[in-house]
Amino acid sequence: MIRTVIFDIGNVLTVFGWKNFIHSFGFPPETEERVGKATVDNPFWHEFDRGFLSDDEMLAGFINNDPTVEKEIRQIFVSLHGIVTRADYAIPWIQKLKSAGYQVLVLSNFSDKVKRDNEDAMDFLEYVDGGILSYRDGVIKPDPAIYRLLLGRYGLKAEECVFLDDIQSNLDTAAGLGIHTILFRNLKQAQEELLQLGVDSIY
């Protein structure tokens with residue numbers, strides 16, 4: 001029996017539209033691509049989510065990835081508002097689950113700055129029962145440690161949990177620990193797969 005529903009945030013409870021965000025600055029196409037590859041589309045972004053480095057250290061790291069677009073990187077880093085946008089279904093979905101008696105948690109790779117700059121898109125957080133945002137604990141998916149931390153912190157049994165994420169590798173680790181998993185593609189599909197597990201979240 002499923003008792004706890006665990007959500008990833010980016011592209012599950014929000015839209016993580018980083019390409020559109022960078023595109024909104026009107027850079028030439030080549031510059032836009034270089035900025036993306038130096039920042040969000042770069043392994044160094046994981047350090048942002050890990051939370052060990054300051055904003056200034058992160059900015060310096062992004063610039064070091066490609067100094068030819070330093071000006072543009074500085075420009076987008078002033079405020080990352082809009083890199084994450086609201087998913088209108090998030091709050092009603094959470095409310096439906098909670099009204100049916102399920103515990104609802106989040107488990108997400110997330111940086112402090114992205115959260116601070118996008119509080120309007122994160123309004124669903126006040127409706128969940130807790131969870132882990134990676135920057136607070138210094139560990140990121142798909143490291144098994146973050147899943148064990150969540151299970152231990154909330155006293156969860158893996159077989160009583162289902163985890164929804166849009167990245168298969170994150171789900172693979174969870175499944176290896178005995179957690180039920182759903183690869184999120186869209187709301188309807190996810191609700192249907194939850195229903196197959198006995199979880200009615202259709203509102």
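## Basis

In this predicted model, local features need pLDDT of at least 70 and side-chain atom pairs count only at pLDDT 80 or more, while totals for chains, interfaces and linings use all residues. Residues are numbered from 1 along each chain as its sequence is written, and side-chain values use heavy atoms, leaving out hydrogens and water.

## Overall build

The protein has 11 helices and seven strands (DSSP runs numbered from the N terminus, helices being H or I of at least four residues and strands E of at least two). Its radius of gyration, taken over C-alpha atoms, is 18 Å, close to the 17 Å that the globule rule gives for 203 residues, so the protein is as compact as a globular protein of that length. The rule is 2.2 Å times the number of residues to the power 0.38.

Along the principal axes, the C-alpha atoms fill a box of roughly 55 × 30 × 25 Å. Of the 203 residues, 49% count as buried (under 20% relative accessible area, with a 1.4 Å probe and protein chains only).

## Helices α2 and α5

Helix α2 (residues 29-38) packs against helix α5 (residues 70-77) at an angle of about 70 degrees, and their axes are 10 Å apart. Axes are lines fitted to C-alpha atoms over the stretch in contact, with angles from 0 to 180 degrees between N-to-C directions. That makes α2 roughly perpendicular to α5 (65 to 115 degrees).

Thr31, Val35 and Ala38 of α2 meet Glu72, Ile73 and Ile76 of α5 (heavy atoms within 4.5 Å).

Definitions and conventions: Angles under 35 degrees count as roughly parallel, over 145 as roughly antiparallel, 65 to 115 as roughly perpendicular and the rest as oblique. Buried means under 20% relative accessible area, exposed over 50%, partly exposed in between (1.4 Å probe, protein chains only).
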